[in-house]
Amino acid sequence: MENKEKIPNVENVVIIGSGPAGYTAAIYAARANLQPLLVTGFNSGGIPGGQLMTTTFVENYPGFPDGVLGPELMDLMKAQAERWGTNLYESDVVSINTDSHPFELKTLEGTIKSNSIIIATGASANRLGVINEDKFWSKGISACAICDGATPQFRGEELAVIGGGDSACEEAAYLTKYGSKVHLIVRSEKLRASAAMVDRVKANPKIAIHWNTKVEKADGSEWLEKIETIHSQEGKGEINIKGLFYAIGHTPNTKFLGSKIDLDNKGYIACKSGRPETSIEGIFAAGDVVDSEWRQGVTAAGTGCMAALATERWLAEKNLAKTIVRETPEPEKKLNSSDFNEEEVNEDTFDSNSEWQKGSYALRKLYHESKKPILVIFSSPSCGPCHVLKPQLKRVIKELDGAVLGVEIDIDKDQDIAKQAGINGTPTVQLFKEKLLKKQWQGVKQRSEFKEAIKNII
Ligand SMILES: Cc1cc2nc3c(=O)[nH]c(=O)nc-3n(C[C@H](O)[C@H](O)[C@H](O)COP(=O)(O)OP(=O)(O)OC[C@H]3O[C@@H](n4cnc5c(N)ncnc54)[C@H](O)[C@@H]3O)c2cc1C
């Protein structure tokens, strides 16, 4: 993901958020020659690519008869937006100033001015706040079964999911691939999921549903070992589990707006019915941040399109659009271009100088023989944040001119290595020099953090 090299004085349109709504708005605005700037998000409100980065197969997005992996769908949207000239800016918007025009957006690094704004910041997974939640966060407790389910500590163990909606049911079913049994903890006596999903969960012999039950406390030593529960009639209970996954709904990502824009009583942006206009002229909104009801990839994309078309009209009407002139009517096709080898290497294909290789063979060889530091990313195929992080690490390695070598380990395939390395979630990155672990990171971090750590040991 690129940080924009040069930000002009006043943008035509800044799109906030890189989920289906944000990328669709970007594709439309870019094709209208408005050269949008899209702020991808970083720490606030999810991850770049949005909520679909945290799921496996999306089976209901039109155009993919065999389904498509969520992270792959988002990679495709991103590539399409970039191909038509969207500038991506990897940061969070911290606040916006709408008191004067052009609007001002404060990011983590500075201020951007823009004639119009499209807000597509989606919604974030809620936390419960049970006792010891922070202690066991990433040590047994997770908000993303799809991202973390494949970790070695969960294999063959009893696990639990909290929630009663579609996400909870989907996650419980998904986790039966890894756990010996999955407890679905439902605070009422009914599931709120679709009928098909409820049938699927009830028919699964590995899922035990605990009705009218709340989780009060997580417990264990280094890793989660059990939860204490309260049943509305039977009182306190305990369940021994090694993993607890939250699937308890979402909060719209509107905090950074303060009181600048009208929100509805649930905190979603209030737009005119069926339209993308917000309470401020020139500011539009799309996707889950305006939608507490439908909340789907395709509805988010649809409203992203509406927001971009409305923005284009508004800018033209106000005579504010500064369109770019293209040298060729259609930009070059870039799909499937990769600078790095994505195949797992073996004895015949291993190259001690290659900047990025995949698999346990490469790791063993480099770990024992390389004089250069090695950066190991532990990933899993369905981990959305891994899709975000990998291009960043590749860019760091390139910028350091090969002074460090990258290896990717798929923890689904190389479980023993993941266990030996103490991996308890993906993505995890470890930096080694001459067999010594120098630093470890979990989750998506800024490129500068990796660069600094590597420079310190070169
Ligand atoms: C587990 C799961 C499975 C799902 N499966 C399906 C499915 O199969 N089919 C389907 O159609 N839908 C599915 N959905 C729903 C779908 O993911 C959402 O409806 C859709 O992603 C909403 O898109 P969006 O663009 O509005 O927001 P999001 O996807 O939530 O994206 C929001 C973006 O805004 C960014 N952001 C937030 N705050 C800021 C800020 N302050 N500054 C900058 N950026 C910010 C975030 O980083 C993110 O990039 C699923 C959702 C989940 C959680």
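1. Aspartate 148 touches Ser142, Gly425 and Thr426, leaving aside residues up to four places away in sequence. Contact here means C-beta atoms, placed from the backbone, within 7 Å. This is a predicted model: local features need pLDDT of at least 70, side-chain atom pairs count only at pLDDT 80 or more, and totals for chains, interfaces and linings use all residues. Residues are numbered from 1 along each chain as its sequence is written.

2. Aspartate 148 belongs to helix α4 (residues 145-148). Helices (H or I, at least four residues) and strands (E, at least two) are DSSP runs, numbered from the N terminus. Is aspartate 148 buried or exposed? Aspartate 148 counts as buried because it has 24 C-beta neighbours inside 10 Å. The cut-offs are 20 or more other C-beta atoms within 10 Å for buried, 12 or fewer for exposed, and partly exposed in between, with C-beta atoms placed from the backbone.

3. Aspartate 199 lies 51 residues from aspartate 148 along the chain. Their C-alpha atoms are separated by 25 Å.

4. Helix α1 (residues 20-31) packs on helix α7 (residues 297-317) at about 35°, with the axes 7 Å apart. Axes are lines fitted to C-alpha atoms, for helices over the stretch in contact, and angles run from 0 to 180 degrees between N-to-C directions. The crossing of α1 and α7 is right-handed, meaning the near helix is turned clockwise from the far one by less than a right angle.

5. In this contact, α1 residues including Pro20, Ala21 and Tyr28 meet α7 residues including Gly297, Ala300 and Glu312. The contact residues divide into eleven nonpolar, six polar and one charged. Ala, Val, Leu, Ile, Met, Phe, Trp, Tyr, Cys and Pro count as nonpolar, Asp, Glu, Lys and Arg as charged, and the others, Gly among them, as polar.

6. Buried residues of α7 include Met306, Thr311, Glu312 and Leu315. Among the elements covering the buried residues of α7 are β1 (11-16), α1 and β8 (111-119). Just after α7, asparagine 319 takes a positive phi of about 60°.

7. Strands β14-β15-β16, in that order, form an open sheet with antiparallel pairing. Pairing requires at least two DSSP bridges between two strands. The edge strands are β14 (213-220) and β16 (235-240). The twist averages 25° from one strand to the next. Six bridges join β15 (residues 224-231) to β16. Histidine 231 stands opposite glycine 235 in β16.

How values were computed:
Contact = placed C-beta atoms within 7 Å.
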